[in-house]
Amino acid sequence: MGNCHTVGPNEALVRSGGCCGNDAKKTVIGGYVWAWAFVTDVQSISLQVMTLNPKCESVETAQGVSVTVTGVAQVKIMTEPELLKTACEQFLGRTNHEVENVILQTLEGHLRAILGTLSVEEIYKDREAFAALVREVASPDVGRMGIEILSFTIKDIEDKVNYLDSLGKTQTAKVKRDADIGVAESNRDAGIREAECEKEKMDVAYQAQTKIADATREYQLQKAAFDQEVNARKAESELAYELQAAKEKQKIRSEEIQIDIVERKKQIEVEEKEVSRKDKELVATVRRPAEAESYKVETIAQGKRTQTVSKAQADAAKIKLTGASEATAIEAIGKAEAERMRQKAAAYKMYGDAAMTALVLEALPKVAAEVAAPLAKTDQIVIVGDQSSNVTGEVSKLVSQLPPAVQALTGVDLSGVLGKIPGAK
């Protein structure tokens with residue numbers, strides 16, 4: 001009784017054992033085989049690509065610097081019959097993990113051995129060459145196990161003494177220095193080239209400007225010559241035109257003068273007719289009414305003159321009569337006043353001193369009022385005298401006796417005014 005075993009394209013089947021004396025091994029990649037129960041043994045092996053990460057920690061390089069290197073390797077079992085047979089002999093019956101571990105140990109051993117022969121700078125600067133050296137050294141050993149190294153690259157390089165950092169800083173400084181030098185040289189070369197280009201540009205520009213100036217000068221000379229000839233012809237034509245125009249204008253002016261003469265003659269005739277018409281119009285509208293108005297005014301003036309003369313004669317008679325009446329009245333008043341004065345004089349003469357005293361007393365109030373008016377405006381009266389003089393006493397006596405006498409004669413009270421004199425009571 002048999003069974004059919006089938007695998008995919010990334011696996012291989014190995015059948016061993018058999019019946020009827022057929023015990024040869026048969027290998028099938030991506031297919032199927034028949035196996036007899038209890039007689040034939042069928043095993044499979046993976047042909048997929050295996051990714052390994054070999055890592056060597058703290059490995060001393062040729063300079064004695066300890067580094068840790070991590071790589072990435074892609075390996076697979078080769079499918080060639082002899083090599084596949086070898087791989088089956090090595091790994092058939094093992095798990096994928098066991099196979100990967102065997103290959104990983106082999107690669108790490110070769111990697112460690114190669115690290116001891118190189119310097120850090122060689123490992124760090126040219127990783128591709130280092131990886132190629134590892135592939136070259138490890139390929140024969142893993143090849144004898146039926147394994148093919150598809151690729152091997154260096155993933156990371158580290159150290160615990162910062163050797164790589166210092167190396168990187170040095171390299172960075174060198175790169176920056178070279179870059180600065182390169183930039184300076186480039187700028188220098190660019191400046192030189194730019195100056196050369198600018199010089200060439202200015203040379204070309206000056207040459208072009210020179211040619212333009214020459215062409216402009218030639219053009220101006222030619223244009224001046226042409227303009228001179230054109231102006232001469234133009235002047236001749238203008239003079240001829242002006243001469244002919246002057247002749248035509250003279251003819252036109254003569255005709256205009258003749259027309260003006262005719263128009264003036266006609267205007268004179270029209271004005272003469274207009275003067276005659278206006279004269280008749282003035283006679284009809286002004287002269288005749290004026291004569292009538294003059295006669296009217298003259299007649300009215302004569303009437304008013306007669307009226308005024310008559311009125312003046314009447315006024316004169318009236319004034320004469322009024323003057324005679326007033327003269328008579330004045331004469332009568334004068335005679336009466338004279339008679340009164342004569343009678344008063346006779347009375348004064350008859351009474352003598354008594355009459356004179358009456359006249360004085362009649363005028364005394366007016367005199368006292370005139371004397372008291374300035375004194376009423378006086379605030380204070382000061383009398384200056386020594387002790388031996390009797391003026392002060394006399395004045396005081398006069399002041400005390402004068403107000404009653406004045407008041408009795410004139411009715412004017414002087415006590416308020418004389419009270420302002422010091423010592424007066």
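1. Is Cys56 buried or exposed? In this predicted model, Cys56 has a relative accessibility of 0%, so it counts as buried. The cut-off for buried is under 20% relative accessible area.

2. Cys197 can be set beside it. Cys197 has a relative accessible area of 33% and is therefore partly exposed. As for bonds between cysteines, the number of disulfides in the structure is 0.

3. The largest nonpolar core consists of 36 residues. Those with the most contacts inside this core are Val69, Ile103, Leu111, Leu115, Phe130, Ile147 and Phe152. Two or more residues each come from strand 6 (50-52), strand 7 (55-60), strand 8 (66-77) and strand 9 (147-159), and likewise from helix 1 (81-91), helix 2 (96-115), helix 3 (120-125) and helix 4 (127-143). Helix 2 gives the largest share, 7 residues.

4. Beyond its neighbours within four places in sequence, Leu115 is in contact with Cys56, Val59, Glu60, Thr61, Ala62, Val69, Ile123 and Phe130. Val69 and Phe130 are, with Leu115, among the residues with the most contacts inside the core.

5. Two packed helices are described by the angle between their axes and the distance between the axes. For helix 2 and helix 4, the axes come within 9 Å and cross at roughly 135°, which means that helix 2 is oblique to helix 4. Their crossing is right-handed.

6. On the helix 2 side, this contact is made by Thr106, Leu107, His110, Leu111, Ile114 and Leu115. Helix 4 contributes Phe130, Leu133, Val134, Val137, Ala138, Asp141 and Val142.

Conventions:
Residues are numbered from 1 along each chain as its sequence is written. This is a predicted model: local features need pLDDT of at least 70, side-chain atom pairs count only at pLDDT 80 or more; totals for chains, interfaces and linings use all residues. Side-chain values use heavy atoms; hydrogens and water are left out. A nonpolar core is a set of buried Ala, Val, Leu, Ile, Met, Phe, Trp, Tyr and Cys residues joined through side-chain atoms within 4.5 Å. Buried means under 20% relative accessible area, exposed over 50%, partly exposed in between (1.4 Å probe, protein chains only). Helices (H or I, at least four residues) and strands (E, at least two) are DSSP runs, numbered from the N terminus. Contact means heavy atoms within 4.5 Å. A disulfide is a pair of cysteine sulfur atoms within 2.5 Å. Axes are lines fitted to C-alpha atoms, for helices over the stretch in contact, and angles run from 0 to 180 degrees between N-to-C directions. Angles under 35 degrees count as roughly parallel, over 145 as roughly antiparallel, 65 to 115 as roughly perpendicular and the rest as oblique. A crossing is left-handed if the near helix is turned anticlockwise from the far one by less than a right angle, and right-handed if clockwise.
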